[in-house]
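Welcome! Take your time with each task before reading on.

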Amino acid sequence: MAEPVKVCRLTDQEGRKLQQIVRRGSTSTVRYRRAMMILASAGGNRVPVIAQLVQADEDTVRDVIHRFNEIGLACLDPQWAGGRPRLLSPDDEDFVIQTATTRPRKLGQPFTRWSIRKLASYLRKVHGRMIRIGREALRTLLARRGVTFQRTKTWKESTDPDRDAKLDRIEHVLEHFPDRTFAFDEFGPLGIHPTGGTCWAEQGRPDRLPATYHRTHGVTYFHGCYSVGDDTLWGINRRRKGTANTLAALKPIRAARPDGAPIYIILDNLSAHKGAKIRRWAKKNKVELCFTPTNASWANPIEAHFGPLRQFTLANSHHSNHTVQTRELHRYLRWRNANARHPDVLAAQRRERARIRAEKGIRWGGRPLATAA
């Protein structure tokens, strides 16, 4: 006859620990019941009696006793895997992820996006590969593989047939004639109203601005000019965009280089920049207008400098009228130009960037240069 299942002799430390757990009963239920099984077995109780005591199956009691004899008190905290064994292979998981990131219409389904329920239902009906997975397991799998529910975003690609030629020309003048290259653009409309922003404040006590209901001041547009070689920015506010205001802003650029040598002005394809008067004036005064490609205004160097101008003068502001707003814009521009980086440093940085692009064979804008066949 086989010997009855019984725990090995307890040490004093093990006995006190088990007694403490059973007496206090403040631990988890699993830990408490297992401690009671071991302590009861150490007290000479047989397996059927222990099973009746803790209301457990006799096989469970035997498993706990055997486990204690193997690893000691560590058996009080079982490391269960939780749930049934995995039914999906790595290939199945990859297929689920591929399906979830594919538009349903491409798979013949009459909707534009998946829901968890629709995706799980579709996976069960895939021809030649039926995958049974619950909605919660599917949600967990998607989260584990980094697939989340997100809003769709749009973007514009340049349809300009001369895109590469225009980018090449802008790159050329920036690298070879930086001291004679300027950038021009507008931003707006600029209204008179409290504008939210960010600032340092005590936690939970943000700075507040009053709200407005009637805005009777109209709007203006900032016409900005940026000198690439000098790293200086200046501009003026106008009530509207137009050819006349653009021409009035371009003339000071020509006056900044009064030696009569050609200058280059980078600007976008806005109709107010391409009027006949502007073209005649540019031809007469040796000004080359370097237009950015359609839907590629990011190629204008002034765009990066408009960001700080907005953040430090318009965001988190409450100007009383356009005169005050313009005054604050000009105050910031004077501070910015006085604290601009030295032109020699800028030139060195541009030369280094050009050298790196040449070594890597990268065209300005991130596209590789065409190589000979």
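**Exercise 1. Aromatic pairs**

Task: Find how many aromatic pairs the structure holds, then describe the pair of Phe187 and Phe222.

Solution. This is a predicted model, and the structure in it holds nine aromatic pairs. Start with Phe187 and Phe222: their ring centres are 5.3 Å apart and their planes meet at 40°. Planes under 30 degrees apart would count as stacked and over 60 as edge-to-face, so at 40° this pair is tilted.

Next, locate the two residues. Phe187 belongs to strand β1 (residues 181-190) and Phe222 to strand β2 (residues 220-227), so the pair ties together parts that are 35 residues apart in sequence.

**Exercise 2. A second pair**

Task: Work out whether the pair of Phe312 and Tyr332 is stacked or tilted, and whether each residue is buried or exposed.

Solution. First, the geometry: Phe312 and Tyr332 are 6.2 Å apart centre to centre, with 15° between the planes, and the pair is stacked. Then the position in the chain: Phe312 sits in helix α11 (residues 303-313) and Tyr332 in helix α12 (residues 322-338), 20 residues apart, and the pair links distant parts of the chain.

Now take each residue in turn. Phe312 has 63% relative accessibility, so Phe312 counts as exposed. Tyr332 has a relative accessible area of 14%, so Tyr332 is buried. The cut-offs behind this step are under 20% for buried and over 50% for exposed.

To finish with rings, look for a cluster: ring pairs link Phe111, Trp114 and Tyr122.

**Exercise 3. The largest pocket**

Task: Describe the space in the largest pocket and the residues that line the pocket.

Solution. Begin with the volume: the largest pocket holds about 690 Å³ of space. Its lining has 21 residues, and the closest to the centre are Ala100, Arg113, Thr148, Phe149 and Gln150.

Then ask which helices contribute. At least two lining residues come from each of α6 (116-124) and α7 (135-144). The largest share, three residues, is supplied by α7.

**Exercise 4. The whole protein**

Task: Sum up the protein by its helices, strands and buried residues.

Solution. Count the elements: there are 13 helices and five strands. Of the 373 residues, 35% count as buried. The accessible surface comes to about 24,500 Å², with 51% of it belonging to carbon and sulfur atoms. Last, turn to the contacts between residues at least 6 apart in sequence: 65% of them join residues at least 24 apart.

Methods:
Residues are numbered from 1 along each chain as its sequence is written. This is a predicted model: local features need pLDDT of at least 70, side-chain atom pairs count only at pLDDT 80 or more; totals for chains, interfaces and linings use all residues. Side-chain values use heavy atoms; hydrogens and water are left out. Helices (H or I, at least four residues) and strands (E, at least two) are DSSP runs, numbered from the N terminus. Buried means under 20% relative accessible area, exposed over 50%, partly exposed in between (1.4 Å probe, protein chains only). Contact means heavy atoms within 4.5 Å. Accessible areas come from the Shrake-Rupley method with a 1.4 Å probe; for residues, only the protein chains shown count as cover. On a 1 Å grid over the protein atoms alone, a cavity is a set of points where a 1.4 Å probe fits but cannot get out, and a pocket is an open set with protein on both sides within 12 Å along at least five of seven lines; lining residues have an atom within 4 Å of a point. Grid points are joined across faces, edges and corners, and a volume is the space filled by probe spheres set on the points. Rings of Phe, Tyr and Trp (its six-membered ring) pair if their centres lie within 6.5 Å; planes under 30 degrees apart count as stacked, over 60 as edge-to-face and the rest as tilted.
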